[in-house]
Amino acid sequence: MLRKRAIYLLCLLMAVGLVFPQSETSVETTKLSETLYHFKVTTLFPVNTLASIGPNGILLVDPGMEQSYAGLMKALAEISDQKVTTVINTHTHDHHISMNKQLGNTAKIYSHAASTDLMKSGLDVLVEWSPESFPTYKIDSDTSLYFNGEEIQLIPVPGGHCGDDMMVYFTGSKVACTGGVLKAGSYPMVDYARGGDFRGFPKTARAALNHFSEDVKFIQSHGKMFSYTEGEEYVTRLEKSIPLIKKTFAQEKDLKKMVAAEPLKNLLPGVPDYPNQNYWIRTIYTGLALENNGVKKSLTEPLYHALQSGPATEMVTVYKVIKQSNKDIYGFNETVLNLLGYYLINKNRLADAIIVLKLNAREYPKSFNVYDSLGEAYMHKGNRWLAKRNYKKSLKIYPGNENGKAMLEKLNSDT
Ligand SMILES: [Zn+2]
Ligand SMILES: [Zn+2]
C-alpha cells in the first residue's frame, strides 16, 4: 500500500528506499538575512532546510531527503556557485538527513553525540547508511561555530522528540532551527524507539524557549516559521496537557475511553490536524504503558541481519525462535515484517519478499494492510491472479482501502 499513507508510514517506506521514482521536488526559497535562506523542500511531503550562504561556502541545517538532492542543489545554484562544506543535523530521522549520503563525501557533518548509535540500530538498519552519512563531529554540550560572519550555536536538547535532538541558533540573523523540540500550532511527535519520551516534553521545549529572546524567529522541521509568542503558546499547551491526560489515564486506563473523555477539549483552541490532540493522548498513553513494560528491543535488527546472510526462509526461522523464546523482550508488530517485505521488493528479491509478507499475513490476518502489501509483491512478481486475490482480501477487511481499489482496477484493466 503506497497512496494516502500517514506521513509516519511514508517516512518508514522512504527509509527502505521505496518512494515513487517519478516524485518531483519543489523548492520555495525565502531570504531571511544577508546570508541565511529558508527552503521549503517538497518531495512527497514538505520538510524545512536552512542554508547559510557566503564567503565560507554553504552550510545546511537538515539537508533533507536524498530524493530531493537535485532540486535543492538547483535552488542553491541560483544563489551561489559555492559548495556545501558543512551540514548540521537537528536530529537523524532519515527524511531530514538522508541527503548526508550525497553530501558527506565533501562536507563535514555535525550531529548530536547519540546520533551514530541511533543510525546503526532499530529500523535505521533498513536505511543502510553509507559510511560518509555519519557525523564527523559529535556534539554533547553547547558548542559554537563561526561561519559566514556569524556565530552559530549548537544546543543539544535530547529526550523529547528523539534521543539526539539539537537546536541550531544563528545569532547574527536571530533565527533558530528547533527541529522537533519546539514547534507551533500542533502537538509533539515522540519517537520512543529512538530515545524520545513525552516526559522529555515540556522540559526540553521550555528550556529551548528560555534560550532565546523574544525577537528570534523559529523554524521547525515541518510547517511554517513561528514567533516567540507562538512558541510560548505551544509550551504552555504542553505543560497543561500532560497532567490532564495523566489524570484521565488514572481514571480510565483504556485508550478508547481516554480519547472519548476529551481531556484536552478546553485547552487552547486553534490546533491543526496533525499531530492533533488525539495523537498526543495516544502518545502519552503509550509512554505510560511503557513505564510498566519498558521499551522493547528492535525485532528489525536480527531479522535484517538474517536476510543479509541467507534466504527469507532462514529469517522466518529466526523470527519463530525469537517469538518462542523472547516474545516479551522484542517489539512484535505488523509494521516490522511489512517494512522488511518492502525492503526486499526494493532489492528486487521478490520471492523472499513474498515469503516475509506471507508470514505477516499469517501473523496478523485481521489487518487489511498485510494483504495489500502482499498483493503488491505478487504484482511486482507478475502474478496477477494472486495479486488480485490479496487486494480483494484487503478490501473485504477494509472497504475504504483506496489504494487497494485503485490497484485492483489497474490489474483488471491491464491486458
Ligand atoms: Zn523527526
Ligand atoms: Zn520530520
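Helices (H or I, at least four residues) and strands (E, at least two) are taken here as DSSP runs numbered from the N terminus. The structure is a predicted model, in which local features need pLDDT of at least 70 and side-chain atom pairs count only at pLDDT 80 or more, while totals for chains, interfaces and linings use all residues. Residues are numbered from 1 along each chain as its sequence is written, and side-chain values use heavy atoms, with hydrogens and water left out.

**Backbone features in loops**

Asp 62 sits in the loop between strand 4 (57-61) and helix 2 (69-77), and although Asp 62 is not a glycine, its phi is positive, at about 55 degrees. Asn 148, placed in the loop between strand 8 (143-147) and strand 9 (150-156), likewise has a positive phi, of about 45 degrees, without being a glycine. Most residues other than glycine have a negative phi, and most peptide bonds are trans. A cis peptide bond, with omega of about -5 degrees, joins Phe 201 and Pro 202, and Pro 202 belongs to the loop between strand 11 (175-179) and helix 6 (203-210).

**Accessibility of selected residues**

Buried means under 20% relative accessible area, exposed means over 50%, and partly exposed lies in between, with a 1.4 Å probe and protein chains only.

| Residue | Relative accessible area | Class |
|---|---|---|
| Asp 62 | 3% | buried |
| Asn 148 | 7% | buried |
| Thr 283 | 6% | buried |
| Ser 23 | 22% | partly exposed |

Contact means heavy atoms within 4.5 Å. Thr 283, which lies in helix 9 (residues 277-293), touches Val 190 and Tyr 192 when residues up to four places away in sequence are not counted. Ser 23 is found in the loop between helix 1 (7-15) and strand 1 (26-31), and, leaving aside neighbours within four places in sequence, Ser 23 is in contact with Thr 43 and Leu 44.

Donors are N, O and S atoms within 2.8 Å of the metal (3.2 Å for Na, K and Ca), and because water is not among the atoms, sites may look incomplete. The zinc ion (ligand 2) is coordinated at 2.1 Å by His 95 (NE2), His 96 (NE2) and His 222 (NE2), with the spacing H-H-x125-H along the chain. The zinc ion (ligand 1) and the zinc ion (ligand 2) are separated by 3.6 Å.

**Domains and helix packing**

The domain assignment, whose bounds come from an automatic or database source, gives domain 1 (7-242) and domain 2 (300-413), and the C-alpha centres of domain 1 and domain 2 lie 32 Å apart. Helix 11 (residues 312-325) packs against helix 13 (residues 350-363) at an angle of about 30 degrees, with the axes 8 Å apart, which makes helix 11 roughly parallel to helix 13. Angles under 35 degrees count as roughly parallel, over 145 as roughly antiparallel, 65 to 115 as roughly perpendicular and the rest as oblique; axes are lines fitted to C-alpha atoms, for helices over the stretch in contact, and angles run from 0 to 180 degrees between N-to-C directions. Among the residues making this contact are Met 315, Val 316 and Tyr 319 of helix 11 and Ile 355, Val 356 and Leu 359 of helix 13.

Methods. Chains are lettered from A and ligands numbered from 1 in the order in which they are written.
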